[in-house]
Number of protein chains: 2
Amino acid sequence: MNAPSRRKFRREGEERRRQDLIDATLDSVAEHGLGGATLRTIALRAGVTAGLIRHYFPGKEDLLQEAYAALMGRMTEQAKAALAMEDASPRQRLAAFVTANLNAPIIDQRVFSLWATFIGRAGAYPTLARAHSEGYLGFRNEVEALVAEVLAAERRKPDPAELRHHAIAINAIIDGLWIEGCLAGEMFSPGELAAIGVKTVEAELGLGPETGGNQ
Amino acid sequence: MNAPSRRKFRREGEERRRQDLIDATLDSVAEHGLGGATLRTIALRAGVTAGLIRHYFPGKEDLLQEAYAALMGRMTEQAKAALAMEDASPRQRLAAFVTANLNAPIIDQRVFSLWATFIGRAGAYPTLARAHSEGYLGFRNEVEALVAEVLAAERRKPDPAELRHHAIAINAIIDGLWIEGCLAGEMFSPGELAAIGVKTVEAELGLGPETGGNQ
DNA sequence: GGCGTTGTTGTGCAAGTGTATAAATAGCCC
DNA sequence: GGGCTATTTATACACTTGCACAACAACGCC
C-alpha cells in the first residue's frame, strides 16, 4: 500500500516557532555561512519543512535580519550582565567587567563567527552598520560610566574628552582581546587574556598597583 | 546577416590573468558576500566569461582560497611597511607604527569587510584559522621586537612573559581601534583614533609623557 | 603567410535556490 | 465527538549556480 503517508507534526505556539526558526538560522549561518544557510537547511535544523518559514517570515531576507537582531540582543545582554555586581568598589567592578568579557561564554567561537559573518556585510547593508554603531555606543557608554566612577573614587576629575578617550581605548582593548580569544583561544592559558585585559585597562587609566585598600 | 559574431578577446599572460581573477574575486566578495560572489559575477568584473575561470582554477573553492591568501598577504605587507622608518628613536618608531595602522589605507571598510567575511568561516575551515594565527603571530612578533627596543632604550629589562603580554595587549589595542575605524570611521575626528592608540600603547608600556628628549 | 597550440568563448546540464500555492491535518470550541 | 481554522506539509516552478565540454580564434613559430 505505501499510503503516501504525510509526516506527523505538532502545532507550536507562534512565539516558540519563531524563536526556533531564528535559532536554527543562527546555527546554519554559523555552520555554513550566509550563503550556505538555505531555507531547507534552516528548516531541517528547526525540525520543520521549508514551506513553513514563509508562514512566519515574508522572505529569507527578513529572517536573516531578525536573526541578526536576536544575536545582537543576546550579545549586548550578556555584556551588560557582566556589569551587575552591586557591592564592590568601582575598580573591582571594572576589573570584573573586563574579566567577564574575556571568558566564556562571551569568548565563544560560534558567536564570533556569527558576528564576523554579519558585520562583514555592513558595508553593503547600512542597517547592519547602524545596528553595530548602536550596540557599540551602548557598550561604550556603559564603559564610560564605569570609568567615571573609578576615577571619581580616585579623586580625579577628568574632563569629558578625556573620559571619552578612555572609553574608546578600553573598548578597543576588550574587543581586540575578545577576537584573539575567540579565534585562537588555545594560544593563551586560561585566564591569561582576562589578566592582560585588566592590567592594560588599569594602565590606560593610570591606576597604580592595587593598594591594600580602603577596607 | 547577424553572423553569430563571437566576442573579441585578448590572450593575457597567465600571471596577469590569475591576478585579475583574484582581484575580481575580492571585489565581488566585498560587494556581494561569499555566497553572492558567483563565477559569473567574478568573470564579468574581470572582463572575461565564466568558463575561463576553470582554466586557471580547479574550482571555485580554490579561487576563494587563493583570493584570501592574496588578501592576507597584502594586509600583512602593508602593516609591516609601517615599520620601515630607519632613523628614529624606538619610541618614535612605535608611535609611527601605531599611527600608520590607524589611518588609511589600513583603515579601510572594504578590506575590513573582506577580512570579516573570510574570518567568519574560520570555525568551519581550519585553513583560514591557521592563516589567521600565522598572520597574527607574525604581526605580534614584530610588535614584540619593537617593544623590546623601546624598553631597552628606557633601560628597562623586561622578562619574556612581560614582553609577551605587552605585545598581546598592544596588538589588541590596534585591532580594536582598527575595527572601530573601519566600521564607524565618521564617529571619530581625523587622527583621533591614532592619537588614542599611541596614548594607550604608551600607557600600557608605562612610558611617561615624552620628555624633551635626548637630542 | 599558413599552421598549430592553447587561451578563451559559448552552450548545455543537473543540482539546488527562494518563492508560490494547494492539499492535509492538529488542536480548539461547542 | 464533529467541525473550523490556521498551522504545517508537500509539490511545483522559474531561476541561478558550479561545472563540463566542444567550438573557436589569437598569437608564436617556421
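## Surroundings of DNA strand C

In this predicted model, 24 residues surround DNA strand C, and the closest are A:Arg11, A:Arg54, A:Lys60, B:Arg11 and B:Tyr56. A residue is near the strand if one of its heavy atoms lies within 4 Å of it. By class, this surface has 13 charged residues, six nonpolar and five polar; Asp, Glu, Lys and Arg count as charged, Ala, Val, Leu, Ile, Met, Phe, Trp, Tyr, Cys and Pro as nonpolar, and the others, Gly among them, as polar.

Sugar or phosphate accounts for 69% of the atoms of DNA strand C within 4 Å of the protein, and bases for the rest.

An N or O atom in the side chain of A:Arg54 is 2.2 Å from a phosphate oxygen of DNA strand C, and one in the side chain of B:His55 is 3.4 Å from a phosphate oxygen.

## Two helices of chain B

In chain B, the axes of helix α5 (residues 90-101) and helix α9 (residues 192-204) come within 9 Å and cross at roughly 135 degrees. Axes are lines fitted to C-alpha atoms, for helices over the stretch in contact, and angles run from 0 to 180 degrees between N-to-C directions. Helices here are DSSP runs (H or I, at least four residues), numbered from the N terminus.

## Basis of the description

Residues are numbered from 1 along each chain as its sequence is written, and chains are lettered from A and ligands numbered from 1 in the order in which they are written. Local features need pLDDT of at least 70, side-chain atom pairs count only at pLDDT 80 or more, totals for chains, interfaces and linings use all residues, and side-chain values use heavy atoms, with hydrogens and water left out.

Technical notes
A polar contact is a pair of N or O atoms within 3.5 Å; within protein, one must be able to donate a hydrogen and the other to accept it, and residues adjacent in sequence count only if both atoms are side-chain atoms.
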